[in-house]
Amino acid sequence: MGNLILLNPFVVGRYVSDRYFCDRKQETEYLIKQIENGRNVALISPRRMGKTGLVQHCFQQKRLHDNYYTFFVDIYATSSLAEFVYLLGKTIYEELKPKKTIWAEKFFQVISSLRIGFKLDSITGEPGFDIGLGDIQTPQTTLEEIFRYLEEADKPCIVAIDEFQQIGNYEEKNVEALLRTHIQQCKQTFFIYAGSKRHLMSNMFLSSSKPFYQSAITMGLAPIPMEAYVNFSIHLFEERGKFVEQKVIEKVYQMFDGCTWFIQLMMNELFALTGNSETCGVEKLEEALRNVIQTQESSYKELLARLAPKQKQVLQAIAKERLVKGITSSAFIKKYNLSSASSVQAALKPLLKNDLVTHDNDVYRVYDYFFSEWLANIY
């Protein structure tokens with residue numbers, strides 16, 4: 001995969017290879033070192049800062065790739081232990097199936113509660129994972145079997161669980177304690193708990209009343225330094241016979257406060273707008289931003305249609321202000337014709353819960369920078 005040549009080198013939303021991955025050398029070394037020394041890691045940073053890319057980048061490094069089995073599970077959309085167990089089991093099976101090791105072939109022997117899902121493909125004769133979520137009848141039993149299976153592997157395992165704070169919202173109340181009990185018994189399975197809600201993750205791992213208290217090394221993820229991103233972008237343009245002015249990259253970086261995913265998407269569009277042997281200048285920024293927003297406009301309208309009128313008002317007010325500190329202040333309420341401090345607080349709760357608005361260091365902003373721009377200037 002390292003030799004794969006992509007038409008547009010600014011990859012968005014997935015990890016391809018070292019070639020298209022910017023910097024993070026210190027973070028990569030630090031994360032690998034923790035795992036090699038038998039420590040679990042709680043990786044905490046805002047969404048779309050590059051947690052997933054970093055973990056998958058580490059998994060592809062020789063030190064981990066050759067010596068461990070690696071599994072990545074995104075539990076953002078889960079709401080119960082059964083869903084968690086289903087995704088974990090499915091991820092492990094699908095990752096191991098192509099390897100055809102003796103251990104991989106024992107999957108349904110050890111995880112007997114999933115044996116209902118063992119089916120042979122009528123054409124290839126290959127076994128498959130053919131179960132639905134409703135087939136997870138006893139999730140606690142299946143979870144126990146999965147942990148036993150991981151511990152029986154012929155080399156150590158690393159399980160990365162993305163959006164780990166989600167387990168705190170499960171309908172069952174004992175999931176944190178249950179997982180902690182199984183994890184602390186693991187001798188050759190290591191865990192990376194990645195999470196984007198800092199206050200929830202910090203509470204999980206730093207509060208003495210919580211099951212995961214001091215059970216992992218806590219690691220943050222700051223924006224990639226601007227200089228590193230500038231050099232990375234110039235190189236990708238020049239490698240394809242195109243050029244880009246340094247100030248273009250700097251403006252994009254500042255526009256999105258160094259948040260990786262948004263920068264990548266903007267640079268992807270700028271690269272697409274630049275012809276062979278051409279130089280991408282600042283005059284292309286407005287068109288690129290407009291194009292990106294246009295591709296998302298229908299989903300933005302759909303999203304707004306699901307919001308209550310007062311939520312829409314507060315959301316648009318935050319977008320117009322960009323960063324809001326005194327969100328219940330009379331000045332803010334008066335400026336945007338909001339009804340009262342209590343109604344602003346009531347509207348904020350679902351906006352924060354659904355990740356439409358973020359709250360960090362007493363500052364509120366619309367999470368999606370492109371959505372924020374659309375709300376402030378177009379809607």
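## The second largest pocket

The model is a predicted one, in which local features need pLDDT of at least 70 and side-chain atom pairs count only at pLDDT 80 or more, while totals for chains, interfaces and linings use all residues. Residues are numbered from 1 along each chain as its sequence is written, and side-chain values use heavy atoms, with hydrogens and water left out.

A pocket is an open set of points on a 1 Å grid over the protein atoms alone, where a 1.4 Å probe fits, with protein on both sides within 12 Å along at least five of seven lines; its lining residues have an atom within 4 Å of a point. The volume of the second largest pocket is about 690 Å³, taken as the space filled by probe spheres set on the points. Two or more lining residues come from each of helix 2 (51-60), strand 2 (69-74), helix 10 (226-239) and helix 12 (260-273), where helices (H or I, at least four residues) and strands (E, at least two) are DSSP runs numbered from the N terminus. Helix 2 gives the largest share, 4 residues. By class, the lining holds 14 nonpolar, 8 polar and 8 charged residues; Gly counts as polar in this division.

## The largest pocket

The largest pocket has a volume of about 1000 Å³. Of its 37 lining residues, Ser196, Lys197, Arg198, Thr358 and His359 are the closest to the centre. Elements giving two or more residues to this lining include helix 9 (198-206), helix 16 (341-353) and strand 10 (357-360). The lining comprises 17 nonpolar, 12 polar and 8 charged residues.

## Nonpolar cores

A nonpolar core is a set of buried Ala, Val, Leu, Ile, Met, Phe, Trp, Tyr and Cys residues joined through side-chain atoms within 4.5 Å; buried means under 20% relative accessible area with a 1.4 Å probe, protein chains only. The largest core has 63 residues, and Leu315, Phe370 and Phe371 have the most contacts inside it. Helix 13 (residues 285-305) supplies the largest share, 8 residues.

Beyond its neighbours within four places in sequence, Phe371 is in contact (heavy atoms within 4.5 Å) with Tyr300, Leu303, Leu304, Leu315, Leu356 and Val366. A second, separate core of 47 residues includes Leu96, Tyr170, Phe191 and Phe205.

## Cysteines

The whole structure contains 0 disulfides, a disulfide being a pair of cysteine sulfur atoms within 2.5 Å. The closest cysteine sulfur to that of Cys259 is in Cys22, 13 Å away and therefore too far for a bond. Cys259 is buried, at 3% relative accessible area.

Note on methods: Buried means under 20% relative accessible area, exposed over 50%, partly exposed in between (1.4 Å probe, protein chains only).
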